[in-house]
Every structure is written in C-alpha cells, then in structure tokens.
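Look at the structure below and follow the chain from one end to the other. The paragraphs after it go through its parts in turn.

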Amino acid sequence: MNGAVLVALAATIGNFLQGWDNATIAGAVVYIKKELTLDASVEGLVVAMSLIGATLVTTCSGPISDSFGRRPMLILSSMFYFLSGLIMLWSPNVYVLLIARLLDGFGIGLAVTLVPLYISETAPSEIRGSLNTLPQFTGSGGMFLAYCMIFGMSLMTSPSWRLMLGVLSVPSLIYFVLTVLYLPESPRWLVSKGRMLEAKQVLQKLRGMEDVSGEMALLVESSAVGGEP
C-alpha cells in the first residue's frame with residue numbers, strides 16, 4: 001500500500017506544476033507587459049495560451065493514453081513542462097513566449113486528465129478516494145509556493161519575468177526523472193492489453209505482497225465486461 005501512495009505522490013507533481021504555472025504567470029505578466037509593451041489582447045493571449053494548449057490536449061489524451069499507456073503520456077507531460085520552462089527562460093520576444101506557453105499547456109492538459117485516472121488505476125480500493133484528493137492538494141501547494149517565490153522576486157531591484165517562468169524547468173526535471181525511473185505502468189491498462197504477467201508484477205510492487213490473485217481476477221473481469229479502460 002505504501003508503494004501506491006508514493007506512486008500517487010510522484011504522479012501528482014504534474015498537478016503541482018499546473019498550480020505553479022498558474023501562479024507564476026499571474027505575477028510575471030505585469031513585467032512581461034512592461035518590457036514587451038503588450039496591448040490588452042496580446043497580454044490576455046499570453047496568459048490564456050496554456051489554457052488553449054491544455055484544452056486541445058484534453059480532447060485527445062484519453063484515446064491516446066488508451067493506445068500507448070498512461071506512463072508514456074505522463075513522461076510526455078513532464079517533457080512538455082521542462083521544454084516550455086527552458087523556452088520561457090530564453091524567450092526573446094512575445095511570439096516565442098506564446099509557443100512556450102502553448103507547450104506548457106500541452107503538459108498541463110496531459111497531467112490534469114491522466115493523473116487522476118492513473119491514481120484510480122494504481123491505488124487499492126480502500127484508499128483510492130483519499131489518494132484522488134492529492135491532485136487538488138498538490139496543485140494548491142504549487143500555487144502557494146510559486147506566489148511566495150514571485151513575491152520574493154518582486155522585491156529585487158530588477159525582477160526578471162523570464163526567471164519567474166523559467167524556474168518551472170527545475171521541478172519539471174524532477175518530475176521527468178520520477179516518471180521515467182519510478183512510476184510503473186497502470187496494471188489495469190496492462191490487463192486490457194493482455195499483458196498479464198507485467199500487470200501482476202506491477203501489482204505485487206504496488207501492494208507489497210506476493211499474492212495479488214484476487215485483484216488480478218477483478219481487473220480481468222472488469223476488462224472483459226467493460227472493454228479497454
């Protein structure tokens with residue numbers, strides 16, 4: 001059970017990064033507008049671009065994750081976060097910034113749609129509901145910490161909006177490492193693809209026990225009744 005909790009905590013870093021991004025752009029946009037002399041419409045587009053990217057991704061993230069798995073999509077989410085952070089740190093003009101914000105939105109869209117699903121498919125039934133509160137909690141925590149960072153940076157002589165936004169690449173790199181090296185594939189998804197041995201091994205790791213035959217039987221039954229999750 002401890003394995004499932006740690007896996008859920010690692011996965012919800014994606015939601016932490018969403019909250020972090022929401023807070024940093026709220027503080028950084030004041031300095032972006034001043035340096036790049038943006039009018040109100042472009043300023044709004046800079047803020048909204050991540051939401052546009054997230055909306056685009058959420059329309060297709062379900063079918064794609066059904067085909068390729070939950071874990072690869074979470075890895076892709078961390079890569080979008082990391083790449084967008086680096087580009088925002090460099091952004092020489094508003095056009096590059098808009099592209100970076102769009103990539104950031106792709107990462108957000110994958111995280112907010114797939115992390116709750118991933119937790120539901122890896123957590124034991126008795127704590128599944130509790131663990132599914134973690135995405136909201138970590139998202140709020142990310143916002144709080146980012147606002148604290150923005151406040152501290154705003155006290156500097158020359159606050160850098162590029163640094164405010166680019167710091168995103170640091171926690172996203174941690175997220176990438178965890179998704180690649182620590183997060184297993186969803187056992188439910190593995191069962192839906194007929195990869196029973198892998199599903200059993202993942203369940204044994206998550207539950208910390210050898211005998212997972214009962215849960216395996218439930219996964220096989222639900223997959224047969226409902227088709228692919």
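This is a predicted model. Its chain is divided into two parts, with domain 1 covering residues 1–183 and domain 2 covering residues 185–228. Where the two meet, domain 1 puts 19 residues into the contact and domain 2 puts in ten residues. Between the C-alpha centres of domain 1 and domain 2 the distance is 30 Å. The area buried between these domains is about 1100 Å², and carbon and sulfur atoms give 50% of that area.

Next, consider some annotated stretches of the chain. An unreviewed UniProt entry places the feature "transmembrane region" at residues 43–61, 73–90, 96–119, 140–157 and 163–183. Among them, residues 43–61 are 89% helix and 0% strand in the model, with end C-alpha atoms 28 Å apart. For residues 163–183 the model gives 81% helix and 0% strand, and there the end C-alpha atoms are 29 Å apart.

Now turn to the largest pocket, which holds about 330 Å³ of space. Its lining consists of 19 residues, and those closest to the pocket centre are P124, S125, R128, R207 and E215.

Helix 6 (94–122), helix 11 (187–192), helix 12 (196–207) and helix 13 (213–226) each supply at least two residues. Helix 13 has the largest share, with four residues. Sorted by class, the lining of the largest pocket has nine nonpolar, seven charged and three polar residues.

Notes: Residues numbered from 1 in each chain as written. Predicted model: local features only at pLDDT ≥ 70, side-chain atom pairs only at ≥ 80, totals over all residues. Heavy atoms only, no water. 1 Å grid on protein atoms, 1.4 Å probe; cavity = no way out; pocket = protein on both sides within 12 Å on 5 of 7 lines; lining within 4 Å. Points joined across faces, edges and corners; volume = space filled by probe spheres on them. Nonpolar A, V, L, I, M, F, W, Y, C, P; charged D, E, K, R; others polar. UniProt positions renumbered as here; feature names shortened; annotations may be inferred. Domains from an automatic or database assignment. Contact = heavy atoms within 4.5 Å. Buried area = accessible area lost by both parts, 1.4 Å probe.
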